[in-house]
Amino acid sequence: MLALLGTAGVIAALIGSLLLVVRGMRLTRGMEADLKSPAGLVLAGALVAMAAMQIALLSDDFSLAYVANHHSVATPFPFDAATAWAALEGSIVLWGLVLAVFTWMTARRLGGGSDRLGAAAVMVMGGVAIFFFGLMITVANPFEVCVDALDIGCAGSSAWPFAAVDAPANGPGPNPLLQNHFLMAVHPPVLYVGYVGLTVPFAYAIGALALGTPGPEWLRRSHRSTLVAWSFLTLGIGLGGWWAYEVLSWGGYWAWDPVENASLMPWLAATAFIHSGLVQRRREMLQAWNFVLVIGAFALTILGTFLTRSGTINSVHSFTQSAIGPALLGFLVLVLVGSFTLFAMRSHLVASSPRIETFVSREGTFLVNNLLLTVYAFVVLIGTTYPLLLEAFTGTQVGVGEPFFNRLAVPLSFMLLLTMGFGPITPWRGAAPGLLWSRLRAPTVVALAAGLLVAVTVTRVGWVILAIVLGIFVIGVIVGLLLELAAARASRSGRPLLVEVRTVIGNDPPFWAGQVSHIGVVLVAIGIAFAANLPLHADVELAPGESVEFAGYILTYEAPFRRDEPNRAVEGARVIVHRDDRRVGTLEPRANFYPGVTGGIVTPAVMTRPDGDLYLTLRNLDTETVELGLDTSPMIWLVWLGGLTTATGGFWSLSARRRRQVIEPKPVLADV
Amino acid sequence: MSERVRNVLIVAVMAVMAIALTLLVSTRPADVDRVEEIGSRIKCPVCQGESIANSPSPMAEDMMDLVSERVAAGVPDQEIIDELLGSYTGAVLLDPPASGSTLVLWLAPIAALAVGVGVIWWWQRHPGAVGDPPAPPTERSRTRLVVGGVVLIFAFAGILVVASNSLQDRPAPASGAADLADQDLTEVSDETMEAVVAANADNPQVNGMRLALAERYFDAGDYRSAFPHYLEVAEDPDATAAEAITALVRLSWMAYDGNDEVETATRLVEEALAIDPNSTVALYVKARVRWCGAGETDEAVTIFETLLADPGVDPETRARIESDLELARDGEGCP
């Protein structure tokens with residue numbers, strides 16, 4: 001029944017997508033056609049499909065093969081609902097739903113029959129939707145019924161919704177790592193909004209190219225969707241790091257794992273695109289480059305999906321074992337070849353663009369930032385794909401891991417921080433040296449002083465000092481600019497400085513929202529520098545009642561414990577934590593045992609303090625003693641706070657509109 | 001104070017601060033944790049892309065212990081790395097060298113940067129003037145574009161064809177394993193078996209060959225090479241009961257015989273017995289471990305007696321158990 005409902009939803013969405021393409025084509029040729037109702041059909045179909053999946057999961061309907069293989073009666077809420085995106089087929093339903101929402105919103109904002117660009121964009125989105133809903137009725141069908149039940153799980157399934165059902169009584173449940181923390185219920189949808197949102201600027205770009213109108217119109221109209229996508233992508237990456245830290249028990253949050261890289265690459269490309277899009281809208285430059293970037297960003301989301309969902313990462317050889325790999329790779333090639341062929345055919349329209357007068361200008365710093373971000377994305381791309389390509393073609397196995405990425409990414413990140421300090425205070429078209437100097441000197445002195453303070457009181461590790469100096473420089477520049485603009489207004493109006501600070505921000509919220517994101521990036525950079533360079537580690541073995549001193553804490557092993565939860569058994573050690581003769585808390589590093597899974601899933605216990613985290617991992621537990629891994633992550637909370645701040649900047653920028661076109665008030669320019 | 005004097009003073013202050021910072025940072029005593037540093041450069045053989053410094057797996061911990069020992073003994077980094085790569089199959093350097101097949105990894109980002117700078121420079125030299133009407137496409141340029149597009153499509157198609165071919169040319173994983181499993185494995189070299197096992201790491205059918213290979217290492221006394229394969233089988237939820245028992249029993253024996261870890265050995269053999277409480281080989285190894293390792297002679301005698309009561313035990317094993325039982329009853333140490 002639910003199989004039928006779900007399949008009907010997918011087919012309805014597929015028909016809607018086909019109608020979007022056919023009718024979009026008529027509209028772009030100037031004929032009358034309605035796109036809003038097929039977009040509504042796509043959305044309704046996708047909603048029905050997701051609803052069918054959710055009902056099946058929440059009501060333990062094991063007649064669906066997907067439910068039989070990825071769900072179990074004991075899986076508690078919210079993990080049963082989140083199982084909808086715990087495996088390939090279900091995650092494509094989620095992808096389809098998010099795409100349907102974006103398509104519907106794009107179609108809703110169509111400006112009538114004369115809006116050829118909007119119609120072309122909706123048409124492109126319909127084409128992308130055909131691919132994803134097509135996957136759902138072919139190689140990754142989430143609504144196959146189980147026709148060969150096992151004791152637990154399903155051995156054979158049929159795509160025909162009326163096939164004779166042979167449903168098991170229970171399933172194995174989702175991957176234990178995915179039901180170990182509530183973040184796993186939130187992280188994938190957030191990330192998917194980010195990935196799929198990038199389809200909108202891509203669709204507008206392709207639409208603009210196809211119609212031969214490469215002006216800034218497509219950028220203006222896709223700007224908000226780009227910001228939505230970027231903000232969610234930022235949030236999703238941050239949540240992913242947090243999840244890894246809380247669940248994977250190695251004390252880290254980022255390992256340059258291909259799955260992580262798959263989300264970082266589009267983020268880097270989208271970040272570059274947001275900046276270069278601004279250059280085109282303000283100065284009509286970088287037209288061609290914006291097309292390249294937005295096509296690249298979209299292609300990278302597909303590449304990321306291919307890498308993470310085809311199993312290619314685990315083994316190059318699993319590529320041919322499922323049809324999903326070739327399907328996604330084929331789509332990627334189609335996107336790249338199709339887009340760049342179209343781009344080449346329209347290149348005579350986009351090639352013309354004025355020259356930069358001087359690199360000491362806003363557009364100059366944006367150009368440097370784009371170069372750095374693109375090289376950054378390229379480093380991640382080649383580091384992730386080269387081992388796969390080399391093994392596929394020659395059979396040679398090489399490892400590309402943290403040492404390689406860090407060696408290239410760390411210098412690139414510091415160069416980006418430096419550029420971030422110059423960008424906001426450099427006016428468009430060019431800055432006089434006097435103006436720059438007046439805006440740079442105070443932040444530079446403050447930044448160097450902060451560096452000295454940290455070097456004398458906390459640490460003399462070079463990377464940490466560099467992160468502090470550059471980070472405080474960036475923040476100082478932003479605060480300095482805000483005060484300078486507000487003070488100039490206050491001296492004219494006679495109103496208090498704070499009132500004028502609000503006015504300055506209110507005059508150009510998108511700019512200041514961008515600066516909030518910059519501050520977020522700074523916090524992340526400082527947090528990473530501390531956590532990566534100053535952690536402490538020890539392995540200890542303790543008998544009950546025994547204590548150990550570690551990093552200023554006194555840890556006392558009280559007793560082992562064991563408790564049963566609905567979906568798992570938990571075994572662990574209860575550890576009392578003292579600091580400065582005061583009890584600051586109890587930690588329970590543990591292992592979670594899931595039915596049908598050999599061995600326990602080791603889950604760390606984390607205590608957050610202002611100077612960083614105490615992170616305990618269970619290594620071994622027997623009747624007499626416990627072996628624990630003890631770690632500190634100095635200032636790690638800055639990374640989470642920074643990620644959140646960066647995303648907040650994006651969301652704020654969405655909600656606020658610029659009131660006036662003025663960026664630099666007159667008195668400041670008069671100083672030039 | 002004039003503006004100029006003030007600026008000079010500010011610059012002087014900045015310079016002093018920068019010099020002080022540089023001095024502070026550069027005079028810091030080096031405290032690089034060499035063990036962590038080396039560990040972060042080696043891929044853990046039984047994990048997915050994790051370094052041995054990050055992985056909580058027993059094998060990674062084992063390898064990290066080795067690194068600690070060698071660092072303490074003053075062995076140079078490169079020698080430690082070479083030893084790890086040599087003695088653990090599947091351990092790969094995560095820090096690709098700037099030579100050979102990974103040279104391109106280091107050159108490509110530099111090339112990308114150079115191309116980027118080059119494009120910007122070219123664009124600055126050949127800008128289209130502001131507001132120029134776009135040049136109408138000539139017939140020639142249109143032809144060129146069409147030809148270019150077609151060439152591009154063919155190039156991609158060619159790459160795809162080559163890619164799929166070379167993927168198929170490789171020893172086909174699943175079928176290769178099955179074919180080899182049916183063969184007389186005595187004909188196959190260790191290296192071939194390693195290659196097939198590595199290529200089919202995700203395929204449960206390969207467990208048979210993996211065990212055969214591990215047994216060879218085990219018989220030759222090469223516990224270090226045997227260990228990862230037994231571990232892989234023991235941790236594989238798709239392994240058959242017989243395979244899992246063999247692997248656990250061997251791991252147990254190696255833990256006792258190779259590392260003197262009696263507790264670990266007992267735990268492992270108990271895991272095997274949890275799968276099949278009547279497994280002869282598991283019971284025998286448990287008796288030996290308890291007797292030789294923990295000195296629990298009585299426990300061993302009981303187990304030996306139980307085993308002898310089982311008519312299913314083949315004569316050769318029976319003879320060994322009988323001689324062991326005699327020694328144990330006499331209160332002598334184990335041979």
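Analyst: Two strands pair if DSSP finds at least two bridges between them. Helices (H or I, at least four residues) and strands (E, at least two) are themselves DSSP runs, numbered from the N terminus. This is a predicted model, in which local features need pLDDT of at least 70, side-chain atom pairs count only at pLDDT 80 or more, and totals for chains, interfaces and linings use all residues. Residues are numbered from 1 along each chain as its sequence is written, while chains are lettered from A and ligands numbered from 1 in the order in which they are written.

User: Which residue is the bridge partner of Val577(A) in E7(A)?

Analyst: Strand E6 (residues 568-579) and strand E7 (residues 582-587) of chain A are antiparallel and share five bridges. They make a hairpin with two residues between them, and in that turn Asp580(A) has a positive phi of about 50°. Across the pair, the partner of Val577(A) is Gly585(A).

User: Which residue in the turn between E1(A) and E2(A) has a positive phi?

Analyst: Strand E1 (residues 145-149) and strand E2 (residues 154-158) of chain A run antiparallel, joined by four bridges. Cys146(A) faces Ser157(A) of E2(A) across this pair. The hairpin has four residues between its strands, and the one with a positive phi, about 100°, is Gly153(A).

User: What does the twist average from one strand to the next in the sheet E3-E12-E11-E10 of chain A?

Analyst: The four strands of this open sheet pair in the antiparallel sense, in the order E3-E12-E11-E10. Strand E3 (537-542) and strand E10 (605-609) of chain A are the edges, each pairing on one side only. Angles run from 0 to 180 degrees between N-to-C directions, and axes are lines fitted to C-alpha atoms, for helices over the stretch in contact. From strand to strand, the average twist is 20°.

User: How many residues does each of domain 2 and domain 3 of chain A give to the contact?

Analyst: An automatic or database domain assignment sets the bounds. It divides chain A into domain 1 (1-174), domain 2 (177-300 + 343-427), domain 3 (428-528 + 643-670) and domain 4 (537-634). Taken over C-alpha atoms, the centres of domain 2 and domain 3 of chain A are 23 Å apart. Residues are in contact if their C-beta atoms, placed from the backbone, lie within 7 Å, and here domain 2 gives 26 residues and domain 3 gives 27 residues.

User: Which element gives the most to the side of domain 2 of chain A that touches domain 3 of chain A?

Analyst: Four helices of chain A give two or more residues to that side: H9 (217-247), H10 (258-283), H14 (362-394) and H15 (402-422). With eight residues, the element that gives the most is H9(A).

User: Is Leu97(A) buried or exposed?

Analyst: Leu97(A) lies in helix H5 (residues 88-108) of chain A. Beyond four places in sequence, its contacts are Ala46(A), Leu47(A) and Met50(A). A residue is buried if 20 or more other C-beta atoms, placed from the backbone, lie within 10 Å of its own, exposed if 12 or fewer, and partly exposed in between. Because 27 other C-beta atoms lie within 10 Å, Leu97(A) is buried.

User: What does Phe218(B) count as, with its C-beta neighbours inside 10 Å?

Analyst: Phe218(B) sits in helix H9 (residues 207-219) of chain B. Leaving out residues up to four places away, Phe218(B) touches Ala226(B) and Arg250(B). Since there are 19 C-beta neighbours inside 10 Å, Phe218(B) counts as partly exposed.

User: What percentage of the residues of chain B count as buried?

Analyst: Chain B has 15 helices and zero strands. Its residues number 335, and the part that counts as buried is 30%.

User: How many Å separate the centres of domain 1 of chain B and domain 2 of chain B?

Analyst: Chain B is divided into domain 1 (31-105) and domain 2 (240-335). Taken over C-alpha atoms, their centres are separated by 35 Å.

User: Which element of chain A has the lowest mean pLDDT?

Analyst: pLDDT is the predictor's confidence in each residue, from 0 to 100. The mean for chain A is 91, with 96% of its residues at 70 or more. Over residues 660-672 of chain A, however, pLDDT stays under 50. Helix H2 (residues 36-58) of chain A has the highest mean among the elements, 97, and the lowest, 40, belongs to helix H21 (residues 666-670) of chain A.

Methods:
Two residues are in contact if their C-beta atoms, placed from the backbone, lie within 7 Å.
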